[in-house]
Amino acid sequence: MASALATTATAAELQSWPQNKPVSLTPGGHDIQVVNVWATWCAPCRKEMPLLSRWYVKQQQSRAKPKVSMVGVALDSEANIARFVRQTPVRYPLWRYSGTDSTAWMKTLGNPVGALPFTLVRAPQCGFQAALLGEVDEAKLDKAVAQARQQCGRRR
């Protein structure tokens, strides 16, 4: 239910960065989606971004099914995001939350307290969702993706 709310309630509040075009978390295809919510003022967020970028590149090179798609959603200004990515290149798509209540939005994604960093791993086509609050590492991400693949495999 939270997943459905998140995809419909926020379509106008999410924008691709730097294009500033409306985007949505509505699932496309049968990918496992990884959504990392971050901000430039969040020290653990900044720390995990290079790791997330390396992890994403590995996922794109993997032949495992279902594939993994990833997006980073910044709770920040366009100028701050631009400054950050000049210093720390990111290999996955970045979006920006432009709404007025990021805490409420994150709660619809399964973040009970609205804290950062926050990563959501989900496979909507098979009902899988794992909310990872706090800094993540490759092992946590790999475990969540493996659980999603396992659950999707049982649903075939």
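## A salt bridge to start from

Glu135 is partly exposed, at 31% relative accessibility (buried means under 20% relative accessible area, exposed over 50%, and partly exposed in between, with a 1.4 Å probe and protein chains only). Its side chain meets that of Lys47 in a salt bridge, with 3.6 Å from N to O (a salt bridge is a side-chain nitrogen of Lys or Arg within 4 Å of a carboxyl oxygen of Asp or Glu). Lys47 sits in helix H2 and Glu135 in the loop between strand E6 (128-133) and helix H5 (138-154), so this pair links distant parts of the chain, 88 residues apart. Lys47 counts as exposed, at 58% relative accessibility.

A word on the model before going on: it is predicted, so local features need pLDDT of at least 70 and side-chain atom pairs count only at pLDDT 80 or more, while totals for chains, interfaces and linings use all residues. Residues are numbered from 1 along each chain as its sequence is written, and side-chain values use heavy atoms, with hydrogens and water left out.

## The other salt bridges

The structure holds 3 salt bridges. One of them joins Lys58 and Glu138, with the closest N and O atoms 3.2 Å apart. This pair also links distant parts of the chain, with Lys58 in helix H2 and Glu138 in helix H5, 80 residues apart (helices, H or I of at least four residues, and strands, E of at least two, are DSSP runs numbered from the N terminus). Lys58 is partly exposed at 45%, and Glu138 is partly exposed at 24%.

Arg96 and Glu78 form another, at 3.8 Å between the closest N and O atoms. Here strand E4 is tied to helix H3, across 18 residues. Arg96 counts as buried at 14%, whereas Glu78 is partly exposed at 35%.

## Helix H3 and its two sides

In helix H3 (residues 78-87), Ile81, Phe84 and Val85 are buried. Seen down the helix axis, the buried residues fall within an arc of 90 degrees, so they line one face of H3 (the arc is that of the directions from the helix axis to the C-beta atoms). Arg86 and Gln87, on the other side, are exposed. The buried residues pack against strands E1 (14-17), E2 (32-38), E3 (68-74) and E4 (94-97), and against helix H2 (43-61).

Which residue is buried yet has no salt bridge? Asp76 is, and the nearest side chain of opposite charge, Arg83, is 6.9 Å away (Lys and Arg count as positive and Asp and Glu as negative, with His and the chain ends not counted). Asp76 lies in the loop between E3 and H3. Beyond its neighbours within four places in sequence, Asp76 is in contact with Ala39, Thr40, Trp41, Ile81 and Arg96 (contact means heavy atoms within 4.5 Å).

## Aromatic pairs

There are 3 aromatic pairs in the whole structure (rings of Phe, Tyr and Trp, the last by its six-membered ring, pair if their centres lie within 6.5 Å; planes under 30 degrees apart count as stacked, over 60 as edge-to-face and the rest as tilted). Trp38 and Phe84 have ring centres 5.1 Å apart and planes at 45 degrees, so the pair is tilted. Trp38 is in strand E2 and Phe84 in helix H3, 46 residues apart, and both are buried.

Tyr97 and Trp105 make a stacked pair, 5.0 Å centre to centre with 25 degrees between the planes. Tyr97 is buried at 6%, and Trp105 is buried at 2%.
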